[in-house]
Amino acid sequence: MRNAVATQSYWTDSASIPSYRPLDRDLEVDVVVIGAGITGLTAAYLLKKAGRRVAVLERRTVGGVDTMATTAHVTFVTDLDLSDLVSTFGRDHAQAAWDAGMAAIAQIDDIVTDESIDCHWSRVHGVKHLALGEDASSGLERLRKEAAIAHELGFDAEFVDKAPFVNRPGVLYAGQRRIHPAKYLAALAAIVNGGGSFVFEDTASDEVVDEPLSVTARGHKVSCDYVVLATHTPLMGKTNIASATLLQTKLYLYTSYVVGGRVKKGLLPDALFWDTADPYHYLRIDAQSDHDFAIFGGGDHKTGQADTEQCFAKVEAEAKALIPGLQLSHRWSGQVVETNDGLPFIGETSSRQFAGTGFSGNGTTFGTLTAMMATDAVLGLKNPWSDLFDVGRTKVRGGAWDYVKENVDYPYYMIRGWLAGADETPVRSLRRGEGRILEIKGERVAAFRAANGRLTMLSPVCTHMGCVVGWNAAGQSWDCPCHGSRFTPTGEVLSGPAETPLERKRPGS
């Protein structure tokens with residue numbers, strides 16, 4: 001059996017990524033991105049869209065090492081419990097950390113839609129459940145608390161006595177995603193390469209030189225105005241040795257193990273599962289036309305401190321015990337970088353040099369977020385999460401911070417309510433006198449059913465500055481959380497600053 005199981009990731013085997021030539025000449029660009037994984041290629045894509053010339057330097061091939069080893073659970077739910085984040089950083093900072101992941105999901109949504117990328121991108125529930133064999137009395141209160149805090153902070157979370165498939169108590173988090181990372185990165189690389197921007201493979205960066213800024217690789221020099229280090233564990237670049245060493249002391253590297261194989265179509269729900277064990281187990285599928293591919297992992301330990309064959313054997317046995325009829329065909333391992341306080345480090349490690357690391361189990365979301373924040377840094381734009389994730393952060397513990405109010409004009413807050421509050425239940429479930437933000441035929445609507453049963457469907461986007469309204473049950477109105485505009489249940493303006501009514505909608509028409 002051992003010889004029949006491939007030891008490279010399922011993503012590598014199930015997608016074809018075109019090759020790119022190595023760097024073969026001196027170049028001058030606006031930004032050099034080192035690394036062609038999720039962080040690097042997303043940053044390159046966003047920067048090119050913003051009009052910057054970009055050169056991506058990848059020492060191996062597109063996808064690098066770590067992105068191709070992920071299981072691509074695309075979630076804003078952090079490894080560190082939300083209650084722990086609140087205890088350590090305060091409620092506003094805890095909300096900010098989850099908001100940042102939600103904003104990253106929205107960014108991937110935009111890219112997939114705008115570029116028509118076929119990468120199995122799908123909206124699913126996240127399911128955090130009591131570990132199999134764990135005493136319910138010790139875990140129930142923890143799960144209930146997590147659901148309650150998440151709901152209070154505006155996230156769609158629900159405690160359930162029996163989570164799907166595992167039939168254990170758990171929390172359902174709406175609005176998560178799954179993706180095929182190799183197909184996504186293949187598309188991004190193709191878009192980046194060309195028109196004055198470049199993707200180079202087999203091009204290890206040798207040195208980052210300051211004044212004037214440049215990166216040397218394969219005996220050539222790429223001159224630039226800014227450098228983005230997108231290498232999972234960041235290179236030193238032009239950071240001084242003391243600062244680079246200090247950052248390394250805050251990072252803890254773990255190895256995680258993954259197995260995968262075919263299962264009967266529909267056997268497993270299309271959702272992201274993880275449990276309350278320490279280290280935790282995780283499960284998802286990649287849906288195919290005639291079967292599903294189950295991906296199961298766990299067994300984390302500090303890198304270099306365990307027998308890898310024993311770890312694989314344990315994870316394989318756990319997968320077979322959990323998933324009936326699993327036909328194992330793949331196994332691989334990846335590296336997870338934890339931090340000393342549970343949040344990633346994202347920001348400038350030196351003047352005009354940006355990096356991100358410590359993504360824990362949120363590599364796809366925090367990698368995308370790093371790309372977004374790096375783009376803002378290059379463009380000189382404000383970013384609401386810069387202090388929270390700063391590499392040398394000292395301001396985020398304790399003190400009061402009116403997080404939403406201070407950042408209300410950041411584009412994310414124009415859609416925050418839209419992302420957090422959409423309800424996928426059928427419109428027929430809407431009661432008389434009730435309003436709700438619903439998702440109907442892939443479109444978000446502000447739906448209201450009058451006392452006579454008449455249904456009104458509106459755009460939830462406030463006509464003042466584009467924020468998303470919410471239903472005020474007490475006042476029977478649609479209220480904008482950004483600048484205070486109010487609308488009647490049928491969309492007319494009750495009070496400004498908005499001056500025009502909400503747009504009428506007919507989803508699917």
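This is a predicted model: local features need pLDDT of at least 70, side-chain atom pairs count only at pLDDT 80 or more; totals for chains, interfaces and linings use all residues.

**Charge pairs and loops**

Tutor: The accessible surface of the chain comes to about 21,200 Å², and carbon and sulfur atoms account for 49% of that area. Residues are numbered from 1 along each chain as its sequence is written, and side-chain values use heavy atoms, with hydrogens and water left out.

The chain holds 12 helices and 26 strands; helices (H or I, at least four residues) and strands (E, at least two) are DSSP runs numbered from the N terminus. A compact globule of 509 residues would have a radius of gyration near 23 Å, and the value for the chain, 23 Å, agrees. That radius is taken over C-alpha atoms, and the globule rule is 2.2 Å times the number of residues to the power 0.38. Along the principal axes, the C-alpha atoms fill a box of roughly 75 × 55 × 45 Å. Of the 509 residues, 54% are buried, where buried means under 20% relative accessible area, exposed over 50%, and partly exposed in between (1.4 Å probe, protein chains only). Among contacts with a separation of 6 or more, 67% join residues 24 or more positions apart; a contact means heavy atoms within 4.5 Å.

Now the charges. The chain carries 51 positive and 61 negative side chains, and the centres of the two sets lie 5 Å apart. Lys and Arg count as positive and Asp and Glu as negative, with His and the chain ends not counted. Each charge is placed at NZ of Lys, CZ of Arg, CG of Asp or CD of Glu. Side chains of opposite charge can pair when their charged atoms come close. Over the whole structure, 20 salt bridges are found, a salt bridge being a side-chain nitrogen of Lys or Arg within 4 Å of a carboxyl oxygen of Asp or Glu.

Three of these pairs can be looked at in turn. Aspartate 81 and lysine 128 form a salt bridge with the closest N and O atoms 2.5 Å apart. This pair links distant parts of the chain, 47 residues apart: aspartate 81 is in the loop between β4 (73-74) and α3 (82-89), and lysine 128 is in strand β5 (residues 122-129). Both aspartate 81 and lysine 128 are buried.

Arginine 284 and aspartate 286 also meet in a salt bridge, at 3.9 Å from N to O. Arginine 284 counts as buried because its relative accessibility is 1%, and aspartate 286 is buried at 0%.

The next pair has partners with other accessibilities. Arginine 25 bridges to aspartate 24, with 2.9 Å between the closest N and O atoms. Arginine 25 has 31% relative accessibility and therefore counts as partly exposed; aspartate 24 is partly exposed too, at 44%. These two residues belong to a salt-bridge network that links Arg21, Asp24 and Arg25.

The loops also hold some backbone features. A cis peptide bond joins glutamate 211 and proline 212, with omega about -5°, and proline 212 sits in the loop between β9 (205-209) and β10 (214-217). Another cis bond joins aspartate 278 and proline 279, with omega about 0°; proline 279 is in the loop between β14 (272-275) and β15 (282-287).

Alanine 72 has a positive phi of about 55° although it is not a glycine. Alanine 72 lies in the loop between β3 (54-57) and β4, and is buried with a relative accessible area of 0%. Phenylalanine 165, also not a glycine, has a positive phi near 70°. Phenylalanine 165 is placed in the loop between β6 (157-160) and β7 (170-178), and its 24% relative accessibility makes it partly exposed.

One more loop residue, tyrosine 410, lies between α11 (403-406) and α12 (416-421). Tyrosine 410 is buried at 12%. Leaving out residues up to four places away in sequence, tyrosine 410 touches Asp376, Lys382, Asn383, Pro384 and Trp385.

How values were computed:
Accessible areas come from the Shrake-Rupley method with a 1.4 Å probe; for residues, only the protein chains shown count as cover.
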